[in-house]
Amino acid sequence: MKKKNSRPICFLLLAAFAGFLASCSGSGNSASYASRPYVISYYDDAATPNRVGYTYAAPVLLDSTGVAKANASVIGHLSPYSDNSYFDYTSRSGQPVSRVGSHRVFTAFAGTYADGTPVDLSAVTGDCSVYATFHEDDYKFDVAYYNDDNESIKAGAQSALTWGSEISYPNVISYQQVDYADPSKNAAGNWGYDYRNPSDSAKTNPDFYNDLDATKTTIASSWAFADGEEEPSANVASGTLYAMTALDDAHKTNPTYRTFLSNGVSWIELGSLAAGLKIKMRASYTMAKHTFQVTFYDAKPTSGVTPNVLGTLKVPFNEVFAFSADGTNVSATSGTLSSSFVSSKKDWEGLYTNCAGVKLYENKKVSDYRVMADCSFYPID
């Protein structure tokens, strides 16, 4: 019996197997399984791109199209840079920024196959190269304000500011300031004193100094912005916020924006925008004695009855005024101020008024003409 020739069958099987293992051309049109993993190369966005890593991705049949696809969303191997170190390539770009205070933020790796078809890294259909893309964003910084009780002025806080944003000091008063029109509103205040703006005593709002400034030098409320590659050296106007634009990160490819604030005398280094800058400003007041009023009446004031006013005198807290009554004239003097009027009365006494809730003085008599609060003087003979 003649033996059958099996060679045509073998050839057919080999041909079928070869077709099954045929590599994807990378166009996305192949319907066969790949014979090897796809090679995906990842590059940065430098003018001459550097390969930052690569992945061998095993293709599989994912759907009814018959196209073998591989997931290459994660880089399998990172490439070292010139100093043999690795860093998070997705957080930095080789391209310059367009404005001070900004940085480039990784968006995605993008690329195309040889035929121009865009690469989808979650379903790669062949060997390909992709390149990092970035968008530009601004670093944000915060300015927090604290009153003289070390409590945060939450209503005045400024957050998520960008370089060049307007800085606005909050309009507050000292927690130690007594409301002398109604002392019971702040019984814990520092009685006898007023807290004023150090630059303008007519104002009650504070100036502010920076929390890192040991000299506590107050800083102008109108801020200006400046920048340069070097650290600031020459003194400039108070309230100048300065950012260094030198490429000073770990690989000397991007600025971290070291930031300095001028108090008009020296520079205070605050930190860097890249590290999430938080500027703390603290309230500063000038303390001065409150001026109280002494009112002279022709009789003792009583509930519901206000006698005639003979004169008034302004006297600073805890100071003694000079007083004389000779039976014809009455004279009272405090510093350069004086009050005089005609009266036949020689004996007078004083009683504190307008200090409800202030136990030290409420309904107490004035001793030795030392004024500690508003008071009324009247004859007792």
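Reader: Which residue in β7 does Tyr43 stand opposite?
Author: Tyr43 stands opposite Tyr131 in β7. Strands here are DSSP runs (E, at least two residues), numbered from the N terminus, and helices are H or I runs of at least four. This is a predicted model, where local features need pLDDT of at least 70, side-chain atom pairs count only at pLDDT 80 or more, and totals for chains, interfaces and linings use all residues. Residues are numbered from 1 along each chain as its sequence is written, and side-chain values use heavy atoms, with hydrogens and water left out.

Reader: Parallel or antiparallel, how do β1 and β7 pair?
Author: Strand β1 (residues 38–43) pairs with strand β7 (residues 128–138) in the parallel sense, over four bridges. Two strands count as paired if DSSP finds at least two bridges between them.

Reader: What order do the strands of that open sheet take?
Author: The order of its five strands is β5-β2-β1-β7-β6, with mixed pairing. At the edges stand β5 (77–78) and β6 (102–110), each with a single partner strand, so one side of each has no neighbour in the sheet.

Reader: New topic. Which residues have the most contacts inside the largest nonpolar core?
Author: Phe141, Trp223, Ile279 and Met281 do, in a core of 26 residues. Two or more residues each come from β8 (141–146), β14 (240–244), β16 (267–272) and β17 (278–284). A nonpolar core is a set of buried Ala, Val, Leu, Ile, Met, Phe, Trp, Tyr and Cys residues joined through side-chain atoms within 4.5 Å. Buried means under 20% relative accessible area, exposed over 50%, and partly exposed in between (1.4 Å probe, protein chains only).

Reader: And what is Ile279 in contact with, leaving aside neighbours within four places in sequence?
Author: Ile279 is in contact (heavy atoms within 4.5 Å) with Phe141, Asp142, Val143, Ala144, Asn210, Trp223, Leu241 and Leu270. There is also a second, separate core of 25 residues, which includes Val178, Ala332, Val371 and Met372.

Reader: How many aromatic pairs are there?
Author: The count is 32. Rings of Phe, Tyr and Trp (its six-membered ring) pair if their centres lie within 6.5 Å; planes under 30 degrees apart count as stacked, over 60 as edge-to-face and the rest as tilted. Phe296 and Phe377 have ring centres 5.9 Å apart and planes at 45°, so this pair is tilted. Phe296 is in strand β19 (residues 291–297) and Phe377 in strand β27 (residues 375–379), so the pair ties together parts that are 81 residues apart in sequence.

Reader: Is Phe377 buried or exposed?
Author: Phe377 counts as buried, at 2% relative accessibility. Phe296 is buried too, at 0%.

Reader: What about Phe321 and Tyr369?
Author: Their ring centres are 5.4 Å apart and the planes stand at 70°, so the pair is edge-to-face. Phe321 is buried, with a relative accessible area of 1%, while Tyr369 is partly exposed at 28%.

Reader: Back to β27. How many of its residues are buried?
Author: Five of the five are buried, so β27 is largely enclosed by the rest of the structure. One side carries Cys375, Phe377 and Pro379, the other Ser376 and Tyr378.

Reader: What are the bridge partners in β27 of Thr295 and Leu351?
Author: Ser376 is the partner of Thr295, and Ser376 is also the partner of Leu351. β19 runs parallel to β27, joined by three bridges, whereas β25 runs antiparallel to β27, joined by five.
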